[in-house]
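The sequence and the model are shown first, and the description follows.

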Amino acid sequence: MQVATQYLGHLPYMPIEEMGDPRDRVDHPILRQLYGAWESRRGQRIAPARSDIDPIEFRTAVGWVNLIDVSQGAGRFVMRVLGGRTEQMFDLGPDFRTPEDFDDPEFRVAAVGYIDWSVVHRKPLRMFRDMLTAKQRYRFEGLVLPLSDDNQSVNMVLAAGIPPLGG
C-alpha cells in the first residue's frame, strides 16, 4: 500500500499551512474541477444540497473525494464515502468512519479543524499543507466544500486532499 510519505519522494520538508477561499486559488486541476462543479450547483445558496451533487461532473476527482456527514454541529463527523485514492494515500483501513478512527492524533486535529471551520463558517475552504507528525509526513492541497439541505446549516461536506502538482 502506498502511503503519504511515498508520494513525496525526497522532497525537502517545508512546514507550510495555507488556508483560504477557493475562489482565490486552487492549483490542482482535479480540485479545480471539483470546486467548479460545487460552485455551479450552489447558485445563490450558501451551499448545494447533497441531492444537487452529481459525481459525473467531477469524475476525475471521485477517487479523492470523501463525503462526510456532519451530525450535531461542528466536531461530530461520520464518513459516508471514503475515496479509494484517499484511503490509499493516508493508509486508512476499510473500517475508517470517524475522526477517532484515524491513528495519527496530530493529523486528526488538523483535519477536524478544517472541517469544523467549513461547518461553522458555512463556506468552502482551500488548504495547502506540508505537515510532519510523529507518524509520517503529509503534503497535500485540499478542499472542504459544505453541503446544506436547508440553506441554513451544513449537514455534510465534500472533502478532498491530493498531492500537489510537482510534489
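**Overall architecture**

The chain contains four helices and six strands. Read from the N terminus, these elements follow the order α-β-α-β-β-α-α-β-β-β. The chain has 167 residues, of which 47% count as buried. Among contacts with a separation of 6 or more, 58% are between residues 24 or more positions apart. The chain exposes about 8,300 Å², and carbon and sulfur atoms supply 52% of that area.

**Confidence of the model**

The average pLDDT of the chain is 84, and 86% of the residues score at least 70. Among the elements, helix 2 has the highest mean pLDDT, at 94, whereas helix 1 (residues 4–8) has the lowest, at 50. Over residues 1–5 pLDDT stays under 50, and the model has 16 contacts beyond four places in sequence for this stretch. Where pLDDT is low, the predicted coordinates should not be read in detail.

**The nonpolar core**

The largest nonpolar core comprises 47 residues, and those touching the most other members are Leu-34, Phe-90, Phe-140, Val-157 and Leu-158. At least two residues of this core come from each of helix 2, strand 2, strand 3 (77–81), helix 4 (105–121), strand 4 (125–132), strand 5 (137–147) and strand 6 (156–162).

**Salt bridges**

The count of salt bridges comes to 11. Three of them are set out below.

| Pair | Closest N to O distance |
|---|---|
| Arg-126 and Asp-27 | 3.2 Å |
| Asp-52 and Arg-45 | 2.7 Å |

The salt bridge between Arg-126 and Asp-27 links distant parts of the chain: Arg-126 belongs to strand 4, Asp-27 to the loop between strand 1 (16–20) and helix 2, and 99 residues separate the two. Is Arg-126 buried or exposed? Arg-126 counts as buried because its relative accessibility is 4%, under the cut-off of 20%. Asp-27, in contrast, has a relative accessibility of 31% and therefore counts as partly exposed.

A network of salt bridges links Arg-25, Asp-27, Arg-126 and Glu-141.

In the salt bridge between Asp-52 and Arg-45, Asp-52 is partly exposed, with a relative accessible area of 22%. Arg-45 is likewise partly exposed, at 29%.

Asp-54 is placed in the loop between helix 2 (29–42) and strand 2 (65–70). The relative accessible area of Asp-54 is 32%, so this residue is partly exposed. Asp-54 and Trp-38 stand 16 residues apart in sequence, and their C-alpha atoms are 9.3 Å apart in space.

Conventions: Residues are numbered from 1 along each chain as its sequence is written. This is a predicted model: local features need pLDDT of at least 70, side-chain atom pairs count only at pLDDT 80 or more; totals for chains, interfaces and linings use all residues. Side-chain values use heavy atoms; hydrogens and water are left out. Buried means under 20% relative accessible area, exposed over 50%, partly exposed in between (1.4 Å probe, protein chains only). Contact means heavy atoms within 4.5 Å. Accessible areas come from the Shrake-Rupley method with a 1.4 Å probe; for residues, only the protein chains shown count as cover. pLDDT is the predictor's confidence in each residue, from 0 to 100. A nonpolar core is a set of buried Ala, Val, Leu, Ile, Met, Phe, Trp, Tyr and Cys residues joined through side-chain atoms within 4.5 Å. A salt bridge is a side-chain nitrogen of Lys or Arg within 4 Å of a carboxyl oxygen of Asp or Glu.
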